[in-house]
Amino acid sequence: MHFTKPAWVIHKDSAKSEQNPKRLSIFSIHVHPDGSRIATGGLDAKIRIWSTKPILNEASEQSGKPPKSLCTLTMHSGPVLTVRWAHSGKWLASGSDDETVMIWDHDPNARGRVWGSDEVNVEGWKPLKRLPGHESDVTDVAWSPGDRYLASVGLDSAVIIWCGYTLERLRKLDQHQGFVKGVCWDPVGEFLATQSDDRTVKIWKTTDWSLEAEVRKPFEDSPGSTFFRRLSWSPDGAHITASNATNNKGYVFIAAVITRNTWTSEISLVGHENTVEVAAYNPHIFLRNTSAPVSTSNICSVVALGADDRSVSVWQTKSARPLIVAKEVFERQIMDLSWSWDGLTLYAASSDGTIAAFQFDATELEGIATRADQEQYLAKFGFVPPPLPDGYSHVSSNPQPTPMPSAANGFSFEADNQEEKVNILVAKRAPKDKKRATLVGSSSSIPSAGQTASISAPPTAGPKRVQLTQLNGQSSKPTPIAPSRAFSTSSFPAPEEQPFSDAMDIDIPIKKFGEKPAEVPIVKSISTWGAGGLVPQPRAWTESSRPEAILPVPALVSYLTVTVDDSSTDTFEAKNTEETKTIEVIFSQGKEIFWIDYLPSPVLCVKATSRFSAAALQDGSVVVWTPTGRRAMPTLCLGSPCSVMEGCKNSLLVITTTGQVYSWNVKKQAANFPPVSLLTLYAMSPNISIVSASIRENGVPIINCSNNVVYAYDSSLSCWIVLADRWWSESSEFGQGRRRSSISSAAGRGVMASIESSIAPSLEEATSDPLRPEFWQTIITLGHLETRIMSARFLESPQEFKQALLQYAKHLAQNSLVGMAEEMIKELLGPVYRRPDREDAWSPTVVGFSKWELLKEVLLVFARNKDLSRLAQEWQETLKKATDDSY
């Protein structure tokens, strides 16, 4: 077996230099059915497609043929947690932290330069459909046999079934009680299996989507801190291998093997020193005796496991010991595994930002059954899949036979003296007379991902190619390998021959309030804006009167665009045409232009919500429109250019280059508070800078700073307040690290959870705590929870407020803090006897909750503690009297 670890497969931090790139975590990897490509999804919110030949063949890597990187897809606005090719190879499904599933289709016209970078897409993939429906991170997706269905799971505890042809949502299964982190299909097509943080594996019938069985036993003591619980179904349909299982009350980490029909787990794969994160079966059935026919007694399977101990093991079900154990091949835990269709190459991805390939010889994995024998064996189950939707098929209407590749992993050679080509995929061709256009970066119209702590590792100085040996030392004669699937060909040019152009003809007239032009304008920088046009020269400032700029001015470009909230069709655009000195803003609904306006000064920033559209101009003014194109407010003159513009519902936030913060309610045409300066924050540290800014629906501005503190402006206190501080993560029991916590899915996607995770330390930044006083952690945790309670109340996040309040109550009970507990009870109970003639600031509700209802839950927490039980009983009686009208 050969092991390869290519250093050039990387998801990198765009903020770092090209000479010293920072690796970001790779969460998912999957091999195309023809073996010529792999797709990876990472923390950079991108999907990258790579050639496999340079990974597996050193000569190909050195020659650069075929190209290493084939395509970069950038429509997701959050880290991409899962990528899965359809069995047909025509579609790619991806799931992300942005709560969506995206389906990608091959498009020969989508090739070209990647927006915002020097990368070039050798082949084109376009977003076919966006599948909204999840309310939190999408952690895993899986295509059913024949691509009849697509299943997606996420941190909202939901399992959603989509039609694999129409891509319509068919069913939502919501019986899990925790984050769902893994999904797989029965190769027969009869069942679906999902695995969740509620410590269960659930089996669902595909005929009516009812619950067939629930497996709990091997997961009762499993840890809840893993990124994924990826499980896999054996190709013979007989077993499911599930990750994150334990024996001996949680002290032995195992992968549990669940038997079909009985749904019991009597077999365990033992040996990993930490939690098993992912299981992946080889797609082939193996024969125990190659001379005997295929039968239940003569078949076995091969399964690979990846764990948090940084090792990968490969097991064959006929043996009690693993075939291969590769230890410490990564710096951090294994996130995903994927087998090539020929069954001889295993790919692994790690959170350290690298991937590895394990290439087996036919002598090491002997007895691979043919695909025909495998399908004949599965037919014995007698399951009849549902009929396909009328008029739909994943098979090309005019298939063209493809010669079998002479080299493994999907690379073909027409002649020895010709260039290598990546296997060509079939896609619908555009009409010949249609103009080709280079798309403006698709990510520009999608909200950017929040600031997330990244995981990095020093780049490897070249690929690692080492020879590993089998543990059992056995070898045998080569066995013929089942041929891989044939894919249709087209006239798609070789990667080296593809024409690219940085400029194009876009002389297509815009029909006012008519159709939007098909071509998207090229974005180019405007270094100077002449004085002879419509724009007056700015007045010269004297040194004594010029405000000092502390934030950068956005670059002046010829074209800006933004989508309206989460809409994929409504867009707001601005065009700064330097030649004619014309500044135009356009609001479009789909392909139709809804309204147009012209402005006297170039546009620096644009923002649009469902309630308004806004543009910040170079002369320091801001213009706001209603959804129909009417001016919603007078032109706002701020005195200096806008550096940051954000919006949420009716609230608009603008931060100028001089650090002035403005917040308006567009509907009320009023300011939420008088302008306030960022200089207060800048004075707290000599090197502080703004990382990101946002605004809440209630008009509260949130500022994330480089000192790892998040601030908000409280108009009632007339000062900036601290919402979250990374300092809590070092000692608080509830400080967020990079791991996924086991909090409820609703709160897990709340504003406070997002804020704290944005400043949480990465794994490499975590350090061991120095020697602290005895009660250090207890006191720090109290302060952290008190801050979280006040922040959640200020940001009007009800579920997070309630969760933090109950966590605080439990912490008081655990440490028997009677005085604090009683004071908390009195605050929630309020005055027992009210005097009408006395002003009382106490309110019976907080963030929409009744304080008395919250007090009932808090008292139940206190009642379970022996030191606070008497106190709880006394106040329960008082609360009962207060709520009883007869008293």
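**Close-up views of a predicted model**

**View 1. Helix H12 shows an exposed face and a buried one.** Arg870, Gln873 and Lys880 are the exposed residues on the face of H12 turned away from its buried side. This is a predicted model, and here H12 covers residues 869–883. Its 15 residues reach 21 Å from first C-alpha to last, close to the 21 Å expected at 1.5 Å a residue. On the buried side you will find Ser869, Leu871, Ala872, Trp875 and Leu879. Seen down the helix axis, the buried residues fall within an arc of 140 degrees, so they line one face of H12. Their packing partners are helix H10 (818–829) and helix H11 (851–863).

**View 2. Phe862 sits in the largest nonpolar core.** This core has 43 residues, and Leu723, Ile755, Leu795 and Phe862 have the most contacts inside it. Elements giving it two or more residues include strand E51 (709–714), strand E52 (719–725) and helix H7 (751–758). Helix H9 gives the most, with eight residues. Leaving out residues up to four places away in sequence, Phe862 touches Ala809, Leu812, Ala813, Ala821, Met824, Ile825, Leu868, Ser869 and Ala872. Another core, of 26 residues, lies apart from this one; Phe286, Cys300, Ile324 and Trp339 are among its members.

**View 3. Four strands form an open antiparallel sheet.** The strand order is E40-E41-E42-E43. E40 (603–608) and E43 (636–637) stand at the edges with a single partner strand each, so one side of each has no neighbour in the sheet. Take a look at E41 (residues 613–617) and E42 (residues 621–625), which pair over four bridges. Here Ala615 stands opposite Val623 of E42.

How values were computed:
Residues numbered from 1 in each chain as written. Predicted model: local features only at pLDDT ≥ 70, side-chain atom pairs only at ≥ 80, totals over all residues. Heavy atoms only, no water. Pairing = 2+ DSSP bridges. Expected span 1.5 Å × (residues − 1). Buried < 20%, exposed > 50% of the residue type's maximum accessible area, 1.4 Å probe, protein only. Arc of directions from axis to C-beta. Contact = heavy atoms within 4.5 Å. Core = buried A, V, L, I, M, F, W, Y, C linked by side-chain atoms within 4.5 Å.
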